[in-house]
Every structure is written in structure tokens, then in C-alpha cells.
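Welcome! Take a moment to look at the structure below and turn it around before reading on.

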Amino acid sequence: MRIGMGYDVHKLVENRKLILGGVQIPHVKGLLGHSDADVLIHAIMDSLLGAAALGDIGKHFPDTDNNFKGISSVLLLEKVKKLINDAGYKIINIDATIIAEKPKMAPHIENMKKNISKALNININQINIKATTEEGLNFTGKEEGISAQSICLIN
């Protein structure tokens, strides 16, 4: 059994869609990034890649490669699943946290879990997603960005 940890952060800006866990969430700002900037899925991908000692998402999907410009992170997650399977591992569980002052994540978490379970071809009960604020502290608390953390177990 192997454990992996992942973290990602992106800046909130105007004129971008806010996509988390493959769900477009209504908000006045979205996350800036080369892909769709889905910090939740990016953190999950890094935890999975780390657990399998396969590097990180920057190694596999560099922001210098235009093939990944604007790409859905759900599609990248499917590619990570293949890398994990090809390395001989099976995903046991994922636990992730979104850190954002606004918007409220609770109404969207079930759809995030569905998207992630479908992309990884695992049972939805193997995924836990929660959200928290930083009560006005740090860049997320000041609504300058959103971050996410993930930990996973593979076998």
C-alpha cells in the first residue's frame, strides 16, 4: 500500500469559468491556469502520481505544451488513471479538501464526486470531498484564490 499527497492553488480572476471537480460553479470569478485550472482535480492527480512515484502533473502535462491549453482536467485525470493502472496500482480511496471563502461548495460536492468516480472508474464511496474556509485569512480567505489538498491510498 502506498500513500500520496497533493496540493494545488490557482488565482481567482474575472472572465474565467470556475470549475472544480469537473463542475462549473456559478461565481463572479474563475481560476486562472493553462488548463481549466481545476485545483481539486489537480490536487487529486498529484496525490495519485505521488503515491505511485510517477512524478507530478507538471511532468506529464506541462503548461508549456499547447495540447493541454484549456483542456478539461477530467480528461487529464483519466490519463492519470491509465498511468496508475499501467504501473500496476489500484486506487483504494481519495480524501480531498477544497479551501475557498466563496462560493459555497456543499451544493456541488456530490456532482464532483460523480465526475471523479467516473473518470477514475472507482466507486463513489471511495471518494470523500469536503470544503472549508480560512475565515478571511490568507489569500483564499481574501478571495484571491482557491486551493485544494488531496491524500490517497493505492495498492
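This report walks through the core, a surface patch and the salt bridges.

## Before we start

Please keep in mind that this is a predicted model.

## The nonpolar core

Let's begin on the inside. The largest nonpolar core has 44 residues. Leu20, Leu48 and Met112 are the residues with the most contacts inside it. Several elements supply at least two residues each, among them the helices α1 (39–51), α3 (73–86) and α4 (109–120). Strands contribute in this way too, including β2 (18–20), β5 (91–99) and β7 (145–154). The largest share, nine residues, comes from α1.

Which residues does Leu20 touch, leaving aside its neighbours within four places in sequence? Leu20 is in contact with Ile25, Leu31, Asp38, Val39, Leu40, Ile98, Met105, Met112 and Ile146.

Ile3, Met5, Tyr7, Val9, Phe139 and Ile151 make a nonpolar surface patch of about 560 Å². Strand β1 (residues 2–13) gives the largest share of the patch, four residues.

Met5 has its place in strand β1.

## Three salt bridges

Now for some charged residues. Side chains of opposite charge can pair when their charged atoms come close. In this model the count comes to three salt bridges.

One of them joins the side chains of Asp86 and Lys82, at 2.7 Å from N to O. These two residues are four apart in helix α3, so about one helical turn separates them. Both Asp86 and Lys82 are exposed.

Another salt bridge links Asp95 with Lys130, where the closest N and O atoms are 2.7 Å apart. Asp95 lies in strand β5 and Lys130 in strand β6, so the pair ties together parts that are 35 residues apart in sequence. Asp95 is partly exposed at 26% relative accessibility, and Lys130 is partly exposed at 33%.

Lys102 and Glu143 also form a salt bridge, with their closest N and O atoms 4.0 Å apart. Lys102 sits in the loop between β5 and α4, while Glu143 sits in the loop between α5 (138–141) and β7, so this pair connects parts 41 residues apart in sequence. Lys102 counts as partly exposed at 47% relative accessibility, and Glu143 is partly exposed at 29%.

Note on methods. Residues are numbered from 1 along each chain as its sequence is written. This is a predicted model: local features need pLDDT of at least 70, side-chain atom pairs count only at pLDDT 80 or more; totals for chains, interfaces and linings use all residues. Side-chain values use heavy atoms; hydrogens and water are left out. Patches are made of residues with over 30% relative accessible area and no salt bridge: like charges are joined within 9 Å, nonpolar side chains (Val, Leu, Ile, Met, Phe, Trp, Tyr) within 5 Å. Accessible areas come from the Shrake-Rupley method with a 1.4 Å probe; for residues, only the protein chains shown count as cover. A nonpolar core is a set of buried Ala, Val, Leu, Ile, Met, Phe, Trp, Tyr and Cys residues joined through side-chain atoms within 4.5 Å. Buried means under 20% relative accessible area, exposed over 50%, partly exposed in between (1.4 Å probe, protein chains only). Contact means heavy atoms within 4.5 Å.
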